[in-house]
Amino acid sequence: MADEIERKLLERVKEQEELVRKLKAAKANDVQIAEEVTKLSELKAQLGNKNEVSSKLILKTPKGTRDYGPEQMALRLAVLDKIITVFKRHGAETIDTPVFELKEVLTEKYGEDSKLIYDLKDQGGEILALRYDLTVPFARYLAMRKISSIKRYHIAKVYRRDNPSTTRGRYREFYQCDFDIAGQYDPMIPDAECIRVISEALQCLNVGPFTIKLNHRSLLDGIFTTCGVPNDKFHAVCSSIDKLDKNSWSEVKREIVEEKGLSESSADKIGTYVSQSGGIELIYELKKDNELMKHESAVNGLESIELLFKYCNIFQVTDKIIFDLSLARGLDYYTGIIFEAILTGDEVGVGSVAGGGRYDNLVGMFDSKKKSIPCVGLSLGVERIFNVLEMKLNHESVKTRTNEVEVFVATAQKNLYEERMKILTLLWDAGVKAEHSYKKNIKLLAQLHHCEESGIPLVIIIGEGELAKGEVTLRDVVSRVEVSIPRAHLIDEIRKRL
């Protein structure tokens, strides 16, 4: 019986190997190939267990995820703190939502990207899925609570069953940092502020030079109509155009023609438009295109972008923006302005580090009366930003401090550890960040070396002489200058130096 089970398992492994080989030969979708490779690995693991080849657990993080050590987390928290400061400067308040949603909440919101949603098995009678982004849960949150206006930020993990590229900051589990303005307001005023927020965040993070690309979904619709794209293929073509930041036009054109079923003449016409980019002068050039101006959606899109340029000029971010007709952003829920920030410095290959746009109809999809709440928002790609900063620090050989200890309490002789503990209690009660060695008797030199290695700025040294005088020795770790301080004045003296 056992032999029969093993034989069948071996047959399944061979069949799965053949399937993977055929998919690779046919250059199938990367996600589909990754799924079948995972199934193959699972079958081989079962076969290995049957043969008792190895019972040793291979310790690794799941594909598309990573661990963060103290140095990475110190950098990460510093990045998030700066981003939150920018969000709060613009009056945002924060919310949180569950890491998983009802699957029906997430389906049909992301176009072709819906295939990247992580499904969960039936849990207690509910079909669930891990959240793909923070925007759809936000829209569900607004509709569920009948909220008509809010300015919120949300920083949390999201999950995508994507083909990861960790060197480019592309993971299956990652943080998103979202800022959104919901409510009925005058055109382009909230949208311009979102552009300003992206600019402020990237500048304060010191990631290097960047450009914020702008486009409008209505203008894209007008272009597609002009180029003879059927209405039912708008989203499909838009999804292909969105790949121009990673693929050449010839590759995108082939996908539009061969996979999306568009004529070659229509594709060529689209190519003449999406190859254009520039400043406000491009708006004036497009307004001279009589064929394009026949379509109301194109007219509205150009007028909106022109107004956005005006407001961006007032917000002093015009030097950071570029009107780019190749920008499409494939998500189905965008309805108006769309934008994306990319780094433009040397040796930077992480792609987009921020993006967003207007999505006026998403909330209405969840409301029983289809009441729509206009929204515009942005998402900062904190994982990619983190990768850039991490590489920069490694290149400059800068060591990241992993704790915030301000004072180390040291002893110069044996059996004074209880005195250290008394001083520590005094410091903690005063709100000073402090620590000591957990060894009762440790050489003073080792304690001072720890402070230098950890970047702790001050050391309190206690010896029998200091105890007899009611004093402590306060040492500056960098300069190595030491002064005697009465214990009664210790807290005041430390605060002066911090």
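These legends walk through several close-up views of one predicted model. Local features need pLDDT of at least 70 and side-chain atom pairs count only at pLDDT 80 or more, while totals for chains, interfaces and linings use all residues. Residues are numbered from 1 along each chain as its sequence is written, and side-chain values use heavy atoms, with hydrogens and water left out.

**View 1. Helix α8 meets helix α9.** Here you see α8 (residues 234–241) and α9 (residues 249–259), whose axes come within 9 Å and cross at roughly 160 degrees. Helices (H or I, at least four residues) and strands (E, at least two) are DSSP runs, numbered from the N terminus. Axes are lines fitted to C-alpha atoms, for helices over the stretch in contact, and angles run from 0 to 180 degrees between N-to-C directions. The crossing angle makes α8 roughly antiparallel to α9 (angles under 35 degrees count as roughly parallel, over 145 as roughly antiparallel, 65 to 115 as roughly perpendicular and the rest as oblique). Val237, Ser240 and Ile241 of α8 are in contact with Trp249, Val252, Glu255 and Ile256 of α9; contact means heavy atoms within 4.5 Å. By class, this contact of α8 with α9 has five nonpolar, one polar and one charged residues. Ala, Val, Leu, Ile, Met, Phe, Trp, Tyr, Cys and Pro count as nonpolar, Asp, Glu, Lys and Arg as charged, and the others, Gly among them, as polar.

**View 2. Helix α3 meets helix α6.** The axes of α3 (residues 70–89) and α6 come within 10 Å and cross at roughly 145 degrees. On the α3 side, look for Val79, Lys82, Ile83, Val86, Phe87 and Arg89; they meet Val197, Glu200, Ala201, Cys204 and Leu205 of α6. The residues in this contact of α3 with α6 divide into eight nonpolar, no polar and three charged.

**View 3. Inside the largest nonpolar core.** Which residues touch the most other members of this core? They are Phe87, Ile241, Phe323 and Phe339, out of 99 residues. Helix α6 (residues 189–205) gives the largest share, eight residues. A nonpolar core is a set of buried Ala, Val, Leu, Ile, Met, Phe, Trp, Tyr and Cys residues joined through side-chain atoms within 4.5 Å. Buried means under 20% relative accessible area, exposed over 50%, and partly exposed in between (1.4 Å probe, protein chains only). Leaving aside neighbours within four places in sequence, the contacts of Phe87 include Tyr153, Phe179 and Leu380. Apart from this core lies another, of 16 residues, among them Val407 and Leu474.

**View 4. Helix α7 and its cover.** Eight of the ten residues of α7 (residues 217–226) are buried, so this helix is largely enclosed by the rest of the structure. Leu219, Leu220 and Phe224 are among the buried residues of α7. Their cover includes β6 (210–216), α8 and α12 (296–314). Just after α7, Gly228 takes a positive phi of about 80 degrees.

**View 5. Two loop residues with positive phi.** Most residues other than glycine have a negative phi. Lys146, which is not a glycine, has a positive phi of about 55 degrees, and lies in the loop between α5 (135–145) and β4 (150–159). Is Lys146 buried or exposed? At 60% relative accessibility, Lys146 counts as exposed. Arg480 has a positive phi near 65 degrees and sits in the loop between β15 (471–476) and β16 (482–486). Arg480 is exposed, with a relative accessible area of 52%.
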